[in-house]
Amino acid sequence: MKKLAQWAMSGRWQATAAAGACLAVPLLFWLGAALLALVILRYGWQQAGQVVLWALLPGITWLAMGDPTPLLTALGTSALAVMLRASIRLDWTVMVSSVLGIVVYFLLPSMLPDVLPQVVANSEEAVVKALSDQPEIAAQLKPLVGPMMSGVLAALHSLVFMLCLLLGRYWQSTFYNPGGFGTEFKQLRLPLAFTLPVILVMFSASQLDPELAGLMPVFTIPLMLAGLALFHGLVTQTKASPTWMVVIYIGLFVLGPYMYTLLIFVACLDSAWNFRARLPKDTAG
């Protein structure tokens, strides 16, 4: 992938061809979005605009065929890249990704008019079967299934936007500013002004309208990324073995929801107490 990124940065038509080709190939759209992020981060929107517009044509074709994901990913990642280049603030960009997730949440019913209702119907049926001996609870949960499924899909889109952006940022750092991405990501910390309202809304989700409660998964993505950044930063500052990060990522895949919840929890605590700043100075890397 790095060779492809290097070739894409050798000229405008190379960048357009590389990003467009990846967006045209199934399951490689994320790579095309990351290439667009790289071009925008390096040259800015004004110079990269033509590359992005031409590269979006395969995504528009996929949209016409009923699959909006490549186009959404390219547009979302490009928007975040513009935000990151303009602000030079990864924390702001991560928070903006949740705004894009909200936009996707409300667009999904119109962009997936055939697929989404079927997914929701299957999920509702699964809930009813799982709680067949508790019909009252099943009846209470059934109205939440649709919004939560939309919320999970929107959160996945938001996560893909950020992962594509981070890949593009990593390439930019590798080619033009070695080590910059690692330092930037390890310092990622969300402000309490973001995490505190999210926590309050999460605890009151049962009292919210189901459509609004469905947005909860979207707000967990920035917190999860901030939690990972905290662990990366602590491992570096304490000069601990990199094996700890391997354990954390394996735990994220194996333990799933439990590790995900832990990352959200430590990210919220870090917003309040800034653990990396509290480490003794002689442990800093």
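**A walk through a predicted helical model**

Let us start at a charged pair: Arg276 and Asp270 form a salt bridge, with their closest N and O atoms 2.5 Å apart. A salt bridge here is a side-chain nitrogen of Lys or Arg within 4 Å of a carboxyl oxygen of Asp or Glu. Both partners, Arg276 and Asp270, are buried, where buried means under 20% relative accessible area, exposed over 50%, and partly exposed in between (1.4 Å probe, protein chains only).

Before going on, a word on what you are looking at. This is a predicted model, in which local features need pLDDT of at least 70 and side-chain atom pairs count only at pLDDT 80 or more, while totals for chains, interfaces and linings use all residues. Residues are numbered from 1 along each chain as its sequence is written, and side-chain values use heavy atoms, with hydrogens and water left out. The predictor's confidence in each residue, pLDDT, runs from 0 to 100; its mean for the protein is 90, and 97% of the residues reach 70 or more. Confidence is highest in helix α5 (residues 69–87), at a mean of 96, and lowest in helix α11 (residues 210–213), at 79. Helices (H or I, at least four residues) and strands (E, at least two) are DSSP runs, numbered from the N terminus.

Asp270 belongs to the buried residues of α14, which also include Met259, Leu263, Ile264 and Val266. Helix α14 (residues 257–273) has 17 residues and reaches 24 Å from first to last C-alpha, close to the 24 Å expected at 1.5 Å a residue; the expected span is 1.5 Å times one less than the number of residues. Among the elements covering its buried residues are α10, α12 (216–237), α13 (243–254) and α15 (275–278).

A straight helix of 27 residues would span 39 Å at 1.5 Å a residue, yet α3 spans only 11 Å between its end C-alpha atoms. Look at Gly44, where α3 bends by about 130°; the bend is the angle between axes fitted to the seven residues ending there and the seven starting there.

Leaving aside neighbours within four places in sequence, Leu90 is in contact (heavy atoms within 4.5 Å) with Leu84, Met162, Leu166, Glu184, Phe185 and Leu188.

Glu184 leads us back to charged pairs, for its side chain meets that of Arg169 in a salt bridge (2.7 Å, N to O). Glu184 lies in helix α9 (residues 180–186) and Arg169 in helix α8 (residues 135–176), so the pair ties together parts that are 15 residues apart in sequence. Glu184 is buried at a relative accessible area of 16%, and Arg169 is buried at 11%. A search of the whole structure finds three salt bridges. Another of them joins Asp91 to Arg89, with the closest N and O atoms 2.6 Å apart; Asp91 is buried, at 11% relative accessibility, whereas Arg89 is partly exposed, at 33%.
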